[in-house]
Amino acid sequence: MARYILRRVLLALPALFGLVLLTFVLTRVIPGDPAATLAGDSATPAQIADIRARYGLDRPIWEQALVHVKQVLTGDLGSSIFSGRPVIEEIGFRLPATLELTFFALFLATAIGIPLGVVAALNHNGPVDQLVRLISVGGLAIASFWLALMLQLVFAMEWDVLPLRGRVEVELGTPPLRTGFLLIDSLLAGRLDQFRDALWHLVLPAVTLCLPGLASIARFTRSGMLEMLQKDFVLYARAAGYGRFRLYAIYVLRNAVTVTVTQIGLLFGALISGAVAVEAIYDWPGLGTYAVQAILSADYKALLAVTLVVGVVYAAVNVLVDVVQALVDPRVAEDIR
Amino acid sequence: MSIMGEGRPVLSVENLAVHIRTDAGVARILDDVTFAVPRGGALGVVGESGCGKSTLLRAILGILPRGATVPKGAVLFEDRDILTDRAASARGRIGFIPQDPYLSLNPVFRAGDQFLEIMRRHAPGSRRDHRDTLVELFRAVQLPDPGGALAKYPHQFSGGQRQRLLIAAALACEPALVVADEPTTALDVTTQREILGLLRQLTTERGLSLLFVTHDFGVLAAVCDQVAVLYAGRVAETGPTRAVLDDPQHPYARMLLACHPDRAVDLLGIPGTVPAATAQPPGCRFHPRCPASRADCAGVPPPLLPLAAGRAVACPYHAEAMLG
Ligand SMILES: Nc1ncnc2c1ncn2[C@@H]1O[C@H](COP(=O)(O)OP(=O)(O)O)[C@@H](O)[C@H]1O
Ligand SMILES: [Mg+2]
């Protein structure tokens, strides 16, 4: 297994390398002049040219790319053109916020989507199945900004039971950051009030973010279950006298989720990109809002770092998914040995 | 006579009908099926593909498909009707050897765990006892490395080995009756012979009764002392295997054995086909193809008429038909 993980990691490296190069070229060809941004509104052309030379922006693009790759390889992601602070520092604060949001959304999508899919399959074409179908069509069709506004309107403004935006209540403060995940750090600090606060702030953004994922997980689980319920081994297990719950919730489901698990890996990419919009709406201090800000200010160093970090996270999640898949299905484990 | 067959039968199926609602209407899959498996005996149900053999077993095992109903009849197992008496359900109390050893085990669970779950629910004793029993049975079915087999996944066994596993599992809860649905059709001929020998040996040794479904007369003769010949969901003829195979009475059985002395497949060169389950002819289901049929064959379905020597035939004209 360890060798398999290593191999998967090594396989991910060329893709990440390609990502670094591609995003570099992209950031350099999109409109916006970072040197001008840096120099400020009142700068003279001479000052701008000076800055351009200092940052190497006057060199041919392939040379710039080479320098950039070399820096990345030595672990140097550079400093933000906008704030002047090391990009890695700014991201280090924001990445956990985004990960906490996306992982929580993924957790909701899985924890609700899989049982929904199972129940729908067992109720094939019955009323529950129709309801689940409605939810999954809705989940995919509803625009997240509209849903976010509705949720804010109802839960934050009308009923005032959940916070409107942000990640914490400022008066309450934050626990000392160890993992960067507030749910975990608050527990580590023994601050239940802060845990509750963090959780309450997570609910609306996570619900907004999870819905499309929940819909597709429910659909995949449902069709996986329907397929598996046709199998001879289900008939055999029933004849042999398996208990109903054991049969469907464990015996058949484990086969059905092999497909769902693959789906979750792909879904994670969608969650991260969905997080950009959701973070913007809920004012969530994560990578998404950071990336938007970087684009608006032509902060290509920040943008490059964000894409790289997201790429690494995405690759890591997919390696993880492959591992889970091997754990669920012994035939996969066999193939990789 | 041996003591076999004395006393009440372990399983008796009485006037069983099974209907399945389909898009094309109600399929009358089984109709008025009656037979009994004597205690300690082996009864074979033989018939061509599609005649309702698997459906019959599914009715007995309580795993009929969606849309299936049992408008009539009873299945008495140990003298209780397992169709109506929920507490008497046969699940776990009748050993089941399925048709396809490749598809009948869940690929993502260890063989041992799959069987231990069955035993947890249906066999007395601790998990330890169950493991010991299974390993013992794995040895009895001559599985290589009986101890190691528990921890292996289905794909790590060959087809023949999987069928041995399933035979062991069928015996694990010490059932009085084992039912087998063409357990060797998915295997090659050599393996087939070994498995049948094993099944025969184990059931005799343990005094188990066997209900065995097949379309192979050779297999039937090797394993079963009684036979019920099925045509289009009805019993055409029953009796001791040797007698029925040597001297069939029902026109269908006679024609079938004449065209195929080895296997029940279709009737070669005889006009007509097996009727669709949704469009069974009235009266005797075989009459449209029967060379000896008469006008009243299309009337009331003929009941099983008892003959000498424990035989019965569902054709009032079998004696005349014989001459023709
Ligand atoms: N779930 C089902 N729905 C509708 N028809 C079925 C179903 N299962 C079996 N049948 C029909 O019942 C008949 C008998 O099938 P089966 O019991 O599998 O026969 P056998 O095992 O003798 O080949 C066939 O005509 C088959 O098409
Ligand atoms: Mg069959």
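UniProt positions are given in the numbering used here, feature names are shortened, and annotations may be inferred rather than shown by experiment. On that basis, the unreviewed UniProt entry lists "domain: ABC transmembrane type-1" at residues 95-321 of chain A. This is a predicted model, in which local features need pLDDT of at least 70, side-chain atom pairs count only at pLDDT 80 or more, and totals for chains, interfaces and linings use all residues. Residues are numbered from 1 along each chain as its sequence is written, chains are lettered from A and ligands numbered from 1 in the order in which they are written, and side-chain values use heavy atoms, with hydrogens and water left out.

**Chain A**

Chain A contains 14 helices and zero strands, where helices (H or I, at least four residues) and strands (E, at least two) are DSSP runs numbered from the N terminus. Along the principal axes, the C-alpha atoms of chain A fill a box of roughly 85 × 55 × 40 Å.

**Interface of chain B and chain A**

The contact (heavy atoms within 4.5 Å) takes 31 residues from chain B and 22 residues from chain A. The size of an interface is often given as the accessible area lost when the parts come together. Chain B and chain A bury about 2300 Å² between them, with 57% of that area on carbon and sulfur atoms; buried area is the accessible area (1.4 Å probe) lost on putting two parts together, summed over both.

One salt bridge is found across this interface, a salt bridge being a side-chain nitrogen of Lys or Arg within 4 Å of a carboxyl oxygen of Asp or Glu. The salt bridge joins B:Glu117 and A:Arg246, at 3.5 Å from N to O.

On the side of chain B that touches chain A, the elements giving two or more residues are α1 (53-61), α2 (111-122) and α5 (159-172) of chain B. The largest share, eight residues, comes from α2(B).

**Ligand 1**

The residues around ligand 1 (a heavy atom within 4 Å) include B:Ile20, B:Thr22, B:Glu48, B:Thr55 and B:Pro65.

| Residue | Polar atom | Distance to an oxygen atom of ligand 1 |
|---|---|---|
| B:Gly52 | backbone | 3.1 Å |
| B:Lys53 | backbone | 2.9 Å |
| B:Ser54 | side chain | 2.8 Å |

Key:
Polar contact = N/O pair within 3.5 Å; in protein donor to acceptor, adjacent residues only side chain to side chain.
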